[in-house]
Amino acid sequence: MFVIPEIFLAICAVIILFITPFLKKNSYLTISYLSLFVVLLSQFLILKDIFYSEIIFNGFFIVDSFGSFLKSLILIGAGLIFYFYLTVNNPKSLKRPEFAIILLISIVGMLLMISSNDLLSLFMSMELQSLSLYILVSFSRDDFTSSEAGVKYFIIGSLSTCIFLFGTSLVYGLVGSTSFNEISVFMSDLYSTPTMLIVGLIFILVSLSLKISAAPFHMWTPDVYQGAPSIITTLLSTLPKIAAFGVLIRLLVYPFGEIIVDWGKILIILSISSMLIGSLGALRQTDLKRLMAYSTINHIGFILMGLIPGSEDGITSICIYLIFYVTMNLGIFLFILNMQRDQVSVTSIKDLSGLYRSQPLTAGCISIILFSMAGIPPMAGFIGKLIILNIVIDNNLFFLAVIAVLTSVIAAFYYIRLIKSIFFDDPLEELDTIGNDHSKYMLCGFAFFNLTVVFYPQFFLNLCASVTLSLFAVK
């Protein structure tokens, strides 16, 4: 029997909410373990029907292999974030049961975003995700920077919502429907595209660009990444990006696939500006979380290149890159979560100085992941970038490939600068040794994955190519 994972997850979140008041000592631990168990069950429900395909709820949502793949990736990431939360020494302000419940609700929103087959259902899903994230960013009530980050994120998010609704109203005014299927039929019958339809799509793209931190709509990213609690920054840098790219791909390839020439030009501008700002903006950063914010912007620009051709190969390359991107980011942020001195979290780049002398294994793992993020062969990051560059060159976008390579060289400078600090700089004050073995094993696992992908890249190519087929079968 087919069971919709989103409904199961939502019902479980409500049940957990009801039982929370009856739990007394360390209730946050019990709720977090329950939430992790629910995430694992949801993962099973998705994998059980990963090749199931159907349009449900009167056309508002679609279930297919492409969506199931991205949902599975989100749930894997969510499970790891819950695991980080349970094993890392978090600030006291985060040790509340509401944290896990709100995180579950935000995951429900992300899963619904990926399955949305209508602009209205997409809007409701985005708001469910966003409202949860606003709360999580400002979750540390005693920390002024967390509250400030929450306000900034809320204001930018509200602006994004308004822009999305305005673009949706323009599309609805011309098409007479918000359904992706109806929009697709309308587009296929046109001889020339109405200007207002393109304007409406531009507004929608601007809204989604704010969600994925694509430049020049990245202004919130460094401040929010730095101000939010580190476990929330880990979440922001990974899972919402997967959901937003799922939406972008489904929206552009299916209903608006007929005007690829128009939205392709917009994506080129977004991609180039993201790669330039992401690589250049990170050069002067002194805080590791702010540097990771600019790193995210740079990676987003790279991923957007794969979407520009609108081809099956391009979407496959994006799926592969997202897998590698998530593992790299989770590895780096796991280390940031454990960066402490006298049991107080620190995030300054200079705190990495001489890490190799006190923690050689940790330093080695972090260096492997940083090399991967820089795109140094034969790491996973290099393979991901190489696949996307091949797609770009095959579609004769040579100028884009040249810019991508140049910005990658610039980005490699600040990644290698971190490695140089870890191995060759004199330590100012030593960081606390990572106390829990769980984090050490996980860090080694992320490093091993990034180092060994070169031996089995065909597995990811075949996997992502097979799930992408369902997306293009709809056309």
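Trainee: Which helix gives the most to the lining of the largest pocket?

Mentor: One reads a lining by asking which elements supply its residues. In this predicted model, H6 makes the greatest contribution to the lining of the largest pocket, with four residues. H6 spans 144-175, and at least two lining residues each also come from helix H9 (221-227), helix H10 (230-236), helix H13 (288-307) and helix H14 (312-337).

Trainee: How many residues line the largest pocket, and which lie nearest its centre?

Mentor: The lining comprises 29 residues, and those nearest the centre are Asp143, Ala228, Pro229, Ser230 and Lys289. The volume of this largest pocket is about 530 Å³.

Trainee: What volume does the second largest pocket have?

Mentor: Its volume is about 330 Å³. This second largest pocket has 16 lining residues, with Phe69, Ser72, Leu73, Ile76 and Leu463 closest to the centre.

Trainee: Which elements give two or more residues to the lining of the second largest pocket?

Mentor: They are helix H3 (65-87), H14, helix H19 (437-452) and helix H20 (457-473). H3 provides the largest share, five residues.

Trainee: How do the residues lining the second largest pocket divide by class?

Mentor: In the second largest pocket, 14 lining residues are nonpolar and two are polar, with no charged residue. The lining of the largest pocket, by contrast, includes seven charged residues.

How values were computed. Residues are numbered from 1 along each chain as its sequence is written. This is a predicted model: local features need pLDDT of at least 70, side-chain atom pairs count only at pLDDT 80 or more; totals for chains, interfaces and linings use all residues. Side-chain values use heavy atoms; hydrogens and water are left out. On a 1 Å grid over the protein atoms alone, a cavity is a set of points where a 1.4 Å probe fits but cannot get out, and a pocket is an open set with protein on both sides within 12 Å along at least five of seven lines; lining residues have an atom within 4 Å of a point. Grid points are joined across faces, edges and corners, and a volume is the space filled by probe spheres set on the points. Ala, Val, Leu, Ile, Met, Phe, Trp, Tyr, Cys and Pro count as nonpolar, Asp, Glu, Lys and Arg as charged, and the others, Gly among them, as polar.
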